[in-house]
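Q: Please take a close look at one part of this model. I want to know what it packs against, and how the surroundings are laid out.

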Amino acid sequence: MNDLTPLIDRYADGPDQLEAAVSGLSTEHLHARPGPGEWSIHEVVIHLADSDAIAIERMKRITAMDEPALINCDESAFIRRLHPADQSLDDALLLFRVNRRQWARVLRLLTPSDFQRVGHHSVSGAVTLGQLIPAYNDHLDRHLRFIAQKRDRLGVPATRRE
């Protein structure tokens, strides 16, 4: 294993955190818009499944290709145009889980030099594979906080995980 093992483990544990964050919510709660932001909890989950698929594709490109281009994604357009309210929450959670589980297997097999490989993001510029793992952990953490705040505003706080 490499020194990124704790970050990879945290990345692989993300699906458990997301599923816990939305457990016990009714359909009404999932589709409500109590803030912060404009998205419902359901839309946040769909966004996380979409963005994680894009993130994994970016990480695969960096791992397999020499200095690949990484195209920016307009997350608001995805929510506006891809009918997230009509997508399955359960399927989004399953995709998030399976995609992270499969990619974490690959990450654990890579060498330290693989994590120094570079891609070129169309907005952010040069980024290494090693930088993307904590970035996507942080992305999930930020959205988990949004979900917790929305739950509190709905009067359905999450139960604490031990």
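A: Helix 1 and helix 6 are roughly parallel to each other (angles under 35 degrees count as roughly parallel, over 145 as roughly antiparallel, 65 to 115 as roughly perpendicular, the rest as oblique). This is a predicted model: local features need pLDDT of at least 70, side-chain atom pairs count only at pLDDT 80 or more, and totals for chains, interfaces and linings use all residues. Residues are numbered from 1 along each chain as its sequence is written, and side-chain values use heavy atoms, with hydrogens and water left out.

Take the geometry of that pair. Helix 1 covers residues 5-22 and helix 6 covers residues 129-154 (helices are DSSP runs of H or I with at least four residues, strands are E runs with at least two, both numbered from the N terminus). The two pack at an angle of about 15 degrees, with their axes 10 Å apart. An axis is a line fitted to C-alpha atoms, for helices over the stretch in contact, and angles between N-to-C directions run from 0 to 180 degrees. Helix 1 passes helix 6 in a left-handed crossing (the near helix is turned anticlockwise from the far one by less than a right angle; clockwise would be right-handed).

Now the residues. On the helix 1 side, those that meet helix 6 include Leu7, Ile8, Arg10, Tyr11 and Gly14. On the helix 6 side, Ile133, Pro134, Asn137 and Asp138 are among them. Contact means heavy atoms within 4.5 Å. The residues of this contact divide into 12 nonpolar, three polar and four charged (Ala, Val, Leu, Ile, Met, Phe, Trp, Tyr, Cys and Pro count as nonpolar, Asp, Glu, Lys and Arg as charged, the others, Gly among them, as polar).

Next, helix 5. It spans residues 89-107. The axes of helix 1 and helix 5 come within 8 Å and cross at roughly 170 degrees. These two helices are therefore roughly antiparallel to each other. From helix 1, the contact takes in Ile8, Tyr11, Ala12, Gly14, Pro15, Asp16, Leu18, Glu19 and Val22. From helix 5 come Leu93, Phe96, Arg97, Arg100, Trp103, Ala104 and Leu107. The tally is 11 nonpolar, one polar and four charged.

Then helix 3, residues 41-64. Its axis and that of helix 1 come within 11 Å and cross at roughly 170 degrees. That makes helix 1 roughly antiparallel to helix 3. Helix 1 brings Tyr11, Leu18 and Val22 to this contact. Helix 3 brings Ile41, Val45, Leu48, Asp52, Ile56 and Met59. Eight of the residues are nonpolar, none is polar and one is charged.

At 4% relative accessibility, His47 counts as buried (under 20% relative accessible area is buried, over 50% exposed, in between partly exposed; 1.4 Å probe, protein chains only). Beyond neighbours within four places in sequence, His47 is in contact with Trp39, Glu75, Ile79, His139 and His143. His47 and Thr27 are 20 residues apart along the chain, and their C-alpha atoms are separated by 17 Å.

Two loop residues come next. Most residues other than glycine have a negative phi. Glu67 has a positive phi, near 45 degrees. It sits in the loop between helix 3 and strand 1 (69-70). Glu67 is exposed, with a relative accessible area of 52%. His83 also has a positive phi, near 50 degrees. Its loop runs between helix 4 (75-81) and helix 5. His83 counts as exposed, at 55% relative accessibility.

Strand 1 and strand 2 pair in the parallel sense over two bridges (strands pair if DSSP finds at least two bridges between them). Here His120 in strand 2 is the bridge partner of Ala69. Strand 2 (residues 118-121) and strand 3 pair in the antiparallel sense over four bridges. They form a hairpin with three residues between them. Gly125 in strand 3 is the bridge partner of His121. Thr128 also belongs to strand 3, residues 125-128. It is buried, with a relative accessible area of 16%. Leaving aside neighbours within four places in sequence, Thr128 is in contact with Ile62, Phe115, Gln116, Arg117 and Val118.
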